[in-house]
Amino acid sequence: MIQPSELQELMNSRRSNILIDANASVEVLDITALCDAAMLAPNHKRTWPLRLGVVQGDARSRLGELIANIMASQGDDPSKVERTRTKYLRAPVVIVLGARDGDSGQRSRENRYAVAAGAQNMLLAAEARGLAMLWSSPATGANDAISEFCDFEHHTEILGLMYLGYAAQSPPGVERPSTPITWIS
Ligand SMILES: Cc1cc2nc3c(=O)[nH]c(=O)nc-3n(C[C@H](O)[C@H](O)[C@H](O)COP(=O)(O)O)c2cc1C
């Protein structure tokens with residue numbers, strides 16, 4: 001069993017980092033371990049809502065082009081559209097996290113929370129393996145296209161596109177506020 005101080009240290013040291021070496025590949029074993037870590041998060045009613053798409057190689061450009069074309073068709077800022085075409089080439093691996101929809105609004109929300117918990121497991125597992133990761137949001141309007149790209153079921157919600165690789169540089173630190181606790185007795 002790991003010591004509480006070791007877990008604390010892991011959580012303290014994890015930082016979102018997009019300063020990734022795009023040319024340093026990540027072992028399949030490491031990618032799989034991160035996906036398995038996400039699968040270990042709790043989910044309600046055993047709905048197992050997590051869906052994962054591991055995007056590598058040329059597929060990163062295809063994903064960028066797909067999202068950029070949707071953004072262009074919506075009239076998004078042209079400079080953002082152009083940046084999006086190549087943005088997934090910034091890391092050797094992009095892991096898409098999806099949450100299956102539930103049979104009610106409440107179940108869909110719980111599925112989303114389960115996948116978000118999985119995302120944090122994944123971030124910590126990456127940190128423990130010396131890998132850099134950044135959770136990025138999908139572009140507005142691109143949910144269904146990304147889901148289809150990853151061969152996920154209809155109505156799967158895309159929670160994040162996780163850039164993964166080895167750090168090229170350390171990210172700047174983030175100043176955190178004190179923990180907002182209401183003590184009630
Ligand atoms: C739901 C979610 C969506 C995020 N989307 C983005 C994003 O689109 N782009 C980005 O640069 N960072 C994104 N982040 C990362 C946060 O910006 C980052 O966690 C925050 O700056 C705190 O840094 P830290 O993770 O090092 O504590 C996202 C984080 C979460 C939880």
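Helices (H or I, at least four residues) and strands (E, at least two) are taken here as DSSP runs, numbered from the N terminus. By this assignment the chain contains six helices and five strands, and their order along the sequence follows the pattern α-β-α-β-α-α-β-α-β-α-β. The radius of gyration of the chain, taken over C-alpha atoms, is 17 Å, close to the 16 Å that the globule rule gives for 185 residues, so the chain is as compact as a globular protein of that length; the globule rule is 2.2 Å times the number of residues to the power 0.38. The structure is a predicted model, in which local features need pLDDT of at least 70 and side-chain atom pairs count only at pLDDT 80 or more, while totals for chains, interfaces and linings use all residues. Residues are numbered from 1 along each chain as its sequence is written.

Taken along the principal axes, the C-alpha atoms of the chain fill a box of roughly 55 × 45 × 35 Å. A residue is called buried if 20 or more other C-beta atoms lie within 10 Å of its own, exposed if 12 or fewer, and partly exposed in between, with the C-beta atoms placed from the backbone. Buried residues make up 33% of the 185 residues in the chain. Two residues are in contact if their C-beta atoms, placed from the backbone, lie within 7 Å, and among contacts between residues at least 6 apart in sequence, 80% join residues at least 24 apart.

The interior of the chain can be described through its nonpolar core, a set of buried Ala, Val, Leu, Ile, Met, Phe, Trp, Tyr and Cys residues joined through C-beta atoms within 7 Å. The largest such core has 44 residues, and those with the most contacts inside it are Val94, Val96, Leu97, Met122, Met133, Met162 and Leu164. Two or more residues each are given to this core by H2, E2, helix H3 (59–73), E3, H5, E4 and E5, and H5 gives the most, with seven residues. If residues up to four places away in sequence are not counted, Val96 touches Leu52, Gly53, Val55, Ile146, Cys150, Ile158 and Leu161.

Helix H5 spans residues 105–128, and at 1.5 Å a residue its 24 residues should span 34 Å, which agrees with the 35 Å between its end C-alpha atoms; the expected span is 1.5 Å times one less than the number of residues in the helix. Within H5, the residues Asn111, Ala114, Val115, Gly118, Ala119, Met122, Leu123, Ala125 and Ala126 are buried. The buried residues of H5 pack against helix H2 (28–39), strand E2 (50–56), strand E3 (93–99), strand E4 (132–136) and strand E5 (157–167). Gln120, which also lies in helix H5, is partly exposed, with 15 other C-beta atoms within 10 Å. The C-alpha atoms of Gln120 and Met11 are 9.8 Å apart in space, although these residues are 109 apart in sequence. Just after H5, Gly130 takes a positive phi of about 75 degrees.

Ser16 is placed in the loop between helix H1 (4–13) and strand E1 (20–21) and counts as partly exposed, with 13 C-beta neighbours inside 10 Å. Not counting residues up to four places away in sequence, Ser16 touches Leu134, Trp135 and Pro171.

The loop between H2 and E2 holds Arg46 and Trp48. Arg46 has a positive phi of about 45 degrees although it is not a glycine, and Trp48 likewise has a positive phi of about 45 degrees without being a glycine. Arg46 is exposed, with 6 other C-beta atoms within 10 Å, and Trp48 counts as exposed with 11 C-beta neighbours inside 10 Å.
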